Amino acid sequence: MKKRILVLLLALIIGVSGLVFSQNKTVYAANIVKGDTTANIKAVQTRLLNWGYYSGKVDGIWGSKTLAAVKSFQRKNGLVVDGIVGAATEAAMGLSLSSSTSSTTSNANLNLLARCVYAEARGEPYVGQVAVAAVVLNRVKSSSFPNTISGVIYQPGAFTCVSDGQINLTPNQSAYNAARDALNGYDPTGGCLYYYNPATATSKWIWSLKVTLTVGRHSFALGT
(Lines give C-alpha, C1' and ligand atoms only; values in the text may rest on other atoms or scores of the structure.)
Protein backbone atom coordinates (compact mmCIF):
# COMPACT_ATOMS: atom_id res chain seq x y z
CA MET A 1 0.00 0.00 0.00
CA LYS A 2 2.75 2.45 0.98
CA LYS A 3 4.67 1.54 -2.19
CA ARG A 4 1.60 2.25 -4.33
CA ILE A 5 1.08 5.67 -2.68
CA LEU A 6 4.76 6.51 -3.20
CA VAL A 7 4.52 5.63 -6.92
CA LEU A 8 1.39 7.78 -7.33
CA LEU A 9 3.04 10.75 -5.59
CA LEU A 10 6.13 10.42 -7.77
CA ALA A 11 4.01 10.33 -10.92
CA LEU A 12 2.13 13.45 -9.77
CA ILE A 13 5.38 15.35 -9.11
CA ILE A 14 6.79 14.41 -12.53
CA GLY A 15 3.56 15.45 -14.22
CA VAL A 16 3.48 18.86 -12.54
CA SER A 17 7.18 19.44 -13.29
CA GLY A 18 6.62 18.60 -16.94
CA LEU A 19 3.70 21.00 -17.12
CA VAL A 20 5.74 23.85 -15.63
CA PHE A 21 8.64 23.16 -17.99
CA SER A 22 6.33 23.08 -20.98
CA GLN A 23 4.68 26.34 -20.00
CA ASN A 24 8.01 28.08 -19.45
CA LYS A 25 9.36 26.81 -22.77
CA THR A 26 6.29 28.13 -24.58
CA VAL A 27 6.57 31.55 -22.96
CA TYR A 28 10.24 31.83 -23.92
CA ALA A 29 9.68 30.80 -27.55
CA ALA A 30 6.48 32.66 -28.42
CA ASN A 31 6.20 36.31 -29.49
CA ILE A 32 9.59 37.36 -28.13
CA VAL A 33 9.44 40.48 -30.27
CA LYS A 34 6.75 41.39 -32.78
CA GLY A 35 7.58 39.31 -35.84
CA ASP A 36 10.87 38.15 -34.25
CA THR A 37 12.66 40.01 -37.05
CA THR A 38 16.30 41.06 -36.93
CA ALA A 39 15.32 44.73 -37.30
CA ASN A 40 12.90 44.58 -34.37
CA ILE A 41 15.39 42.82 -32.11
CA LYS A 42 18.07 45.38 -33.03
CA ALA A 43 15.65 48.20 -32.15
CA VAL A 44 15.05 46.67 -28.72
CA GLN A 45 18.77 46.06 -28.15
CA THR A 46 19.64 49.63 -29.17
CA ARG A 47 17.08 51.15 -26.83
CA LEU A 48 18.19 48.96 -23.91
CA LEU A 49 21.86 49.69 -24.67
CA ASN A 50 21.24 53.44 -24.64
CA TRP A 51 19.43 53.16 -21.32
CA GLY A 52 22.11 51.01 -19.67
CA TYR A 53 20.16 47.75 -19.42
CA TYR A 54 22.10 45.95 -22.15
CA SER A 55 25.86 45.67 -22.72
CA GLY A 56 26.06 43.20 -25.60
CA LYS A 57 26.27 43.65 -29.36
CA VAL A 58 23.40 45.12 -31.37
CA ASP A 59 23.32 42.09 -33.66
CA GLY A 60 19.63 41.27 -34.01
CA ILE A 61 20.12 37.89 -32.32
CA TRP A 62 17.86 37.08 -29.39
CA GLY A 63 20.25 35.66 -26.80
CA SER A 64 20.45 35.34 -23.02
CA LYS A 65 21.87 38.88 -22.57
CA THR A 66 18.99 40.45 -24.51
CA LEU A 67 16.45 38.39 -22.58
CA ALA A 68 18.01 39.39 -19.24
CA ALA A 69 18.06 43.06 -20.28
CA VAL A 70 14.36 43.00 -21.22
CA LYS A 71 13.50 41.40 -17.87
CA SER A 72 15.57 43.99 -16.02
CA PHE A 73 13.77 46.79 -17.86
CA GLN A 74 10.39 45.23 -17.08
CA ARG A 75 11.27 44.80 -13.40
CA LYS A 76 12.45 48.41 -13.12
CA ASN A 77 9.31 49.76 -14.78
CA GLY A 78 6.69 47.70 -12.96
CA LEU A 79 5.83 45.51 -15.96
CA VAL A 80 5.19 41.77 -16.05
CA VAL A 81 8.68 40.24 -15.94
CA ASP A 82 8.38 37.61 -18.67
CA GLY A 83 11.15 38.68 -21.08
CA ILE A 84 8.60 39.15 -23.87
CA VAL A 85 8.42 42.43 -25.76
CA GLY A 86 4.66 42.54 -25.98
CA ALA A 87 2.42 45.59 -26.35
CA ALA A 88 3.00 46.96 -22.82
CA THR A 89 6.79 46.58 -22.90
CA GLU A 90 6.94 47.96 -26.45
CA ALA A 91 4.99 51.05 -25.37
CA ALA A 92 7.13 51.51 -22.25
CA MET A 93 10.25 51.47 -24.43
CA GLY A 94 8.73 54.09 -26.71
CA LEU A 95 9.08 51.80 -29.71
CA SER A 96 6.79 51.08 -32.65
CA LEU A 97 7.97 47.73 -33.89
CA SER A 98 7.17 46.56 -37.38
CA SER A 99 4.70 43.75 -37.93
CA SER A 100 4.95 43.79 -41.72
CA THR A 101 5.92 40.14 -41.76
CA SER A 102 2.81 38.21 -40.80
CA SER A 103 3.13 35.45 -38.23
CA THR A 104 1.69 32.99 -40.76
CA THR A 105 4.42 33.75 -43.28
CA SER A 106 7.11 33.75 -40.59
CA ASN A 107 6.00 30.36 -39.29
CA ALA A 108 5.86 28.90 -42.79
CA ASN A 109 9.41 30.09 -43.50
CA LEU A 110 10.67 28.77 -40.17
CA ASN A 111 9.04 25.38 -40.72
CA LEU A 112 10.38 25.00 -44.26
CA LEU A 113 13.89 26.11 -43.28
CA ALA A 114 13.87 23.72 -40.31
CA ARG A 115 12.81 20.87 -42.62
CA CYS A 116 15.71 21.67 -44.92
CA VAL A 117 18.16 21.80 -42.01
CA TYR A 118 16.92 18.48 -40.65
CA ALA A 119 17.00 16.77 -44.04
CA GLU A 120 20.42 18.10 -45.01
CA ALA A 121 22.28 18.30 -41.69
CA ARG A 122 20.76 16.14 -38.98
CA GLY A 123 23.58 14.52 -37.04
CA GLU A 124 25.89 17.46 -37.79
CA PRO A 125 27.22 19.76 -35.02
CA TYR A 126 24.74 22.49 -34.11
CA VAL A 127 26.86 25.22 -35.72
CA GLY A 128 26.85 23.11 -38.89
CA GLN A 129 23.06 23.04 -38.85
CA VAL A 130 22.92 26.82 -38.48
CA ALA A 131 25.45 27.09 -41.32
CA VAL A 132 23.19 25.14 -43.69
CA ALA A 133 20.26 27.42 -42.82
CA ALA A 134 22.50 30.46 -43.32
CA VAL A 135 23.45 29.28 -46.82
CA VAL A 136 19.77 29.18 -47.75
CA LEU A 137 19.24 32.71 -46.43
CA ASN A 138 22.41 33.98 -48.12
CA ARG A 139 21.03 32.72 -51.41
CA VAL A 140 17.76 34.56 -50.77
CA LYS A 141 19.77 37.77 -50.43
CA SER A 142 21.85 37.08 -53.55
CA SER A 143 20.67 38.28 -56.96
CA SER A 144 21.88 34.97 -58.43
CA PHE A 145 19.15 32.97 -56.70
CA PRO A 146 15.39 33.16 -56.08
CA ASN A 147 14.44 35.80 -53.50
CA THR A 148 12.34 33.62 -51.21
CA ILE A 149 13.18 30.72 -48.90
CA SER A 150 10.82 28.37 -50.72
CA GLY A 151 12.19 29.51 -54.09
CA VAL A 152 15.76 28.78 -53.02
CA ILE A 153 15.01 25.40 -51.45
CA TYR A 154 12.82 24.18 -54.31
CA GLN A 155 15.04 25.53 -57.09
CA PRO A 156 15.53 22.52 -59.40
CA GLY A 157 18.61 20.51 -58.48
CA ALA A 158 19.63 22.83 -55.64
CA PHE A 159 19.17 20.48 -52.66
CA THR A 160 19.42 16.70 -52.53
CA CYS A 161 16.76 16.53 -49.84
CA VAL A 162 14.16 17.85 -52.29
CA SER A 163 15.15 15.34 -54.95
CA ASP A 164 14.96 12.34 -52.60
CA GLY A 165 11.94 13.51 -50.63
CA GLN A 166 13.66 13.95 -47.27
CA ILE A 167 12.49 17.58 -47.23
CA ASN A 168 9.16 16.17 -46.07
CA LEU A 169 10.59 14.60 -42.89
CA THR A 170 9.51 16.07 -39.54
CA PRO A 171 12.31 18.24 -38.13
CA ASN A 172 13.49 17.97 -34.53
CA GLN A 173 13.93 20.81 -32.03
CA SER A 174 17.60 21.27 -32.92
CA ALA A 175 16.67 21.93 -36.55
CA TYR A 176 14.06 24.49 -35.47
CA ASN A 177 16.55 26.21 -33.17
CA ALA A 178 19.17 26.35 -35.93
CA ALA A 179 16.68 27.75 -38.43
CA ARG A 180 15.50 30.37 -35.94
CA ASP A 181 19.08 31.44 -35.11
CA ALA A 182 19.86 31.84 -38.80
CA LEU A 183 16.69 33.84 -39.37
CA ASN A 184 17.75 36.09 -36.50
CA GLY A 185 21.05 36.86 -38.22
CA TYR A 186 23.52 34.22 -37.02
CA ASP A 187 25.75 33.24 -39.97
CA PRO A 188 28.80 31.15 -39.02
CA THR A 189 29.71 30.82 -42.73
CA GLY A 190 30.48 34.49 -43.30
CA GLY A 191 28.20 34.70 -46.32
CA CYS A 192 28.75 31.34 -48.03
CA LEU A 193 26.40 30.38 -50.87
CA TYR A 194 27.37 26.72 -51.24
CA TYR A 195 28.16 23.64 -49.19
CA TYR A 196 28.80 20.01 -49.97
CA ASN A 197 29.87 16.73 -48.44
CA PRO A 198 33.30 15.78 -49.86
CA ALA A 199 32.56 12.10 -49.21
CA THR A 200 29.55 12.06 -51.53
CA ALA A 201 29.89 15.05 -53.90
CA THR A 202 30.38 14.06 -57.55
CA SER A 203 30.09 17.45 -59.27
CA LYS A 204 33.42 18.64 -60.70
CA TRP A 205 32.15 22.22 -60.47
CA ILE A 206 31.43 22.09 -56.75
CA TRP A 207 34.94 20.74 -56.15
CA SER A 208 36.37 23.76 -57.98
CA LEU A 209 35.04 26.17 -55.35
CA LYS A 210 37.40 27.51 -52.70
CA VAL A 211 36.42 26.11 -49.31
CA THR A 212 36.40 28.77 -46.60
CA LEU A 213 34.90 26.73 -43.74
CA THR A 214 34.51 23.09 -42.78
CA VAL A 215 32.02 22.03 -40.14
CA GLY A 216 31.42 18.36 -39.49
CA ARG A 217 31.04 16.59 -42.83
CA HIS A 218 30.26 19.72 -44.83
CA SER A 219 32.57 22.11 -46.66
CA PHE A 220 31.30 25.66 -47.23
CA ALA A 221 32.27 28.03 -50.03
CA LEU A 222 31.49 31.63 -50.96
CA GLY A 223 31.14 30.84 -54.67
CA THR A 224 32.94 31.80 -57.85
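1. How many bridges join strand 2 to strand 3? In this predicted model, four bridges hold these two strands together, and the strands run antiparallel to each other. As an example of the pairing, threonine 214 has serine 219, in strand 3, as its bridge partner.

2. Looking at the sheet as a whole, you will find three strands in the order 1-3-2, forming an open sheet with antiparallel pairing. Strand 1 (194-196) and strand 2 stand at the edges, and because each has a single partner strand, one side of each is left without a neighbour in the sheet. On average, neighbouring strands of this sheet are turned by 25° against each other, with direction ignored.

3. Helix 6 deserves attention next, as it lies across strand 1, strand 2 and strand 3, and runs at about 35° to strand 3. This helix has 16 residues and reaches 23 Å from its first C-alpha to its last, which is close to the 22 Å expected at 1.5 Å a residue. Of its 16 residues, 13 are buried, so helix 6 is largely enclosed by the rest of the structure.

4. The structure holds one salt bridge, in which the side chains of arginine 217 and glutamate 124 meet at 2.5 Å, N to O. Arginine 217 lies in the loop between strand 2 (211-215) and strand 3 (218-221), while glutamate 124 lies in the loop between helix 5 (103-121) and helix 6 (126-141), so the pair ties together parts that are 93 residues apart in sequence.

Terms used:
Residues are numbered from 1 along each chain as its sequence is written. This is a predicted model: local features need pLDDT of at least 70, side-chain atom pairs count only at pLDDT 80 or more; totals for chains, interfaces and linings use all residues. Side-chain values use heavy atoms; hydrogens and water are left out. A salt bridge is a side-chain nitrogen of Lys or Arg within 4 Å of a carboxyl oxygen of Asp or Glu. The expected span of a helix is 1.5 Å times one less than its number of residues. Buried means under 20% relative accessible area, exposed over 50%, partly exposed in between (1.4 Å probe, protein chains only). Two strands pair if DSSP finds at least two bridges between them. Axes are lines fitted to C-alpha atoms, for helices over the stretch in contact, and angles run from 0 to 180 degrees between N-to-C directions. Contact means heavy atoms within 4.5 Å.
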